[in-house]
Amino acid sequence: MTPMVIGVIGVIILIILLFSGMPVGFVMAWVGFIGFSYLTDLTSGLGLLARDVFDTFSSYGLTVVPLFIFMGQVSFFSGISRRLYDSAYVLMGSQRGGLAIATVAACAGFSAISGSTNAAAATMATVTVPEMKRHKYDMGLATGTVAAAGSLGILIPPSVIFIVYGIMTEQSIGELFAAGILPGVLLSALFVLTIYLRVLWNPSLAPAGPKTSIKEKIICLGGVVEALIIFIIVMGGIFWGIFTPTEAGAIGAFCTLLIALIRKQLTWDGFIQSIIGTTMISCMVMIIVTGAVIFGHFMAVTRLPFDFADWVAALPLSKHAIMGLIILMYLLGGCFMDALGMVMLTIPIFFPVAQALGFDPVWFGVVIVLITEMGVITPPVGINVYVVYGVVKDVPLNTIFKGVLPMLIALLVCNLLIIMFPQIALFLPGLMR
């Protein structure tokens with residue numbers, strides 16, 4: 001058998017094992033190791049396995065992952081995320097659908113200091129759903145909003161997926177972070193518009209809340225200041241070239257911890273839980289990255305990604321039609337895999353295609369993140385839906401899935417706008433070049 005045939009067989013086995021429920025990181029590592037050893041020899045395969053595991057876990061570039069995750073963990077346990085929601089609630093909660101709109105705003109703010117879609121969904125579900133339930137909101141609207149808005153965690157920087165994508169494709173993480181800002185704002189606005197139109201069409205979904213005075217609205221802005229300070233320090237430092245993304249992660253983690261200590265709202269137990277949560281999530285990310293690196297080396301030996309890229313580029317279709325096919329494949333794959341695993345698995349295959357078609361790699365990264373955002377709320381996997389369901393166990397799973405369907409339309413519209421107007425994603429990175 002030729003190396004290409006071995007590569008195709010390896011991909012098929014990988015998909016079968018993923019459907020069996022095996023962890024994506026271990027599956028990619030196992031298939032990559034077996035395939036690489038078959039094409040070379042066992043000694044080379046064992047050498048690859050040892051080298052890739054060591055190189056990944058000792059990678060300086062990946063040290064930024066636990067730093068940004070730690071920022072999000074400390075923010076949650078010190079109450080920063082709660083204060084973000086309280087501020088948004090005072091500003092927008094009095095209008096019909098205001099609590100759901102406040103949830104989107106709080107998720108966007110928390111995403112700016114978190115970087116994880118699961119963390120954003122779990123945190124905001126804990127904080128916001130009981131409030132919306134108390135104000136007699138439709139539970140489909142309430143839980144669907146949290147699940148969808150939580151996906152902003154991988155688009156609005158800092159984003160773990162942008163970090164991993166940047167390392168895999170050798171793109172500037174700073175430029176990728178900058179590229180996610182305007183699309184993140186656009187998607188947040190589309191989520192808000194979706195909620196407004198739903199409530200306008202059916203007012204019974206979300207009754208109006210109590211009115212607040214101008215003075216209360218001004219006072220509540222204090223809950224936004226600390227998150228804004230962290231975001232400006234981290235992103236401003238990267239944007240102006242004052243420090244690298246890894247240094248920004250360290251500085252952001254320090255500032256978050258400092259704010260938590262100054263406010264005296266981070267308990268010792270909360271600090272320990274932050275460290276435990278950071279360790280668990282970081283290890284999960286590192287294992288997936290390691291598996292993807294091993295599988296990527298197997299793919300490189302088979303030359304399947306490069307031959308596939310040449311074949312796709314030669315198709316009698318426009319490059320945008322081909323991009324549409326890639327997006328469709330991501331949508332289908334996102335129904336069965338988590339966002340990070342999907343990106344790690346597919347980038348070695350589709351990134352060469354995007355390069356062959358002449359697409360900007362930073363723009364391509366934003367598009368891929370937007371598509372994987374759709375995957376985290378799409379059945380049957382929809383990891384964010386299951387995260388919210390795990391927090392709010394009294395709401396049926398099908399109710400949450402129904403609640404996210406209008407948000408999927410907003411995500412699709414955002415993706416179309418980014419494809420039609422690439423400068424939405426490329427304007428800010430262009431200022432850094």
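**Exercise 1.** Find which residues of helix 10 meet helix 18, and describe the contact.

Step 1. From helix 10, Glu175, Leu176, Ala179, Pro183 and Leu187 meet Val362, Val366, Leu370 and Glu373 of helix 18. Contact means heavy atoms within 4.5 Å, and helices are DSSP runs (H or I, at least four residues) numbered from the N terminus.

Step 2. Sort these contact residues by class: seven are nonpolar, none polar and two charged. Ala, Val, Leu, Ile, Met, Phe, Trp, Tyr, Cys and Pro count as nonpolar, Asp, Glu, Lys and Arg as charged, and the others, Gly among them, as polar.

The model is predicted, and local features need pLDDT of at least 70, side-chain atom pairs pLDDT 80 or more, while totals for chains, interfaces and linings use all residues. Residues are numbered from 1 along each chain as its sequence is written, and side-chain values use heavy atoms, without hydrogens and water.

Step 3. The axes of helix 10 (residues 173-201) and helix 18 (residues 361-375) come within 9 Å and cross at roughly 45 degrees. Axes are lines fitted to C-alpha atoms over the stretch in contact, with angles from 0 to 180 degrees between N-to-C directions.

**Exercise 2.** Describe how helix 8 packs with helix 19.

Step 1. Helix 8 (residues 139-150) and helix 19 (residues 383-391) pack at about 130 degrees, their axes 9 Å apart. Helix 8 is therefore oblique to helix 19.

Step 2. Thr143, Val146, Ala147 and Gly150 of helix 8 meet Asn384, Val385 and Val388 of helix 19. By class, this contact has four nonpolar, three polar and no charged residues.

Methods:
Helices (H or I, at least four residues) and strands (E, at least two) are DSSP runs, numbered from the N terminus. Angles under 35 degrees count as roughly parallel, over 145 as roughly antiparallel, 65 to 115 as roughly perpendicular and the rest as oblique.
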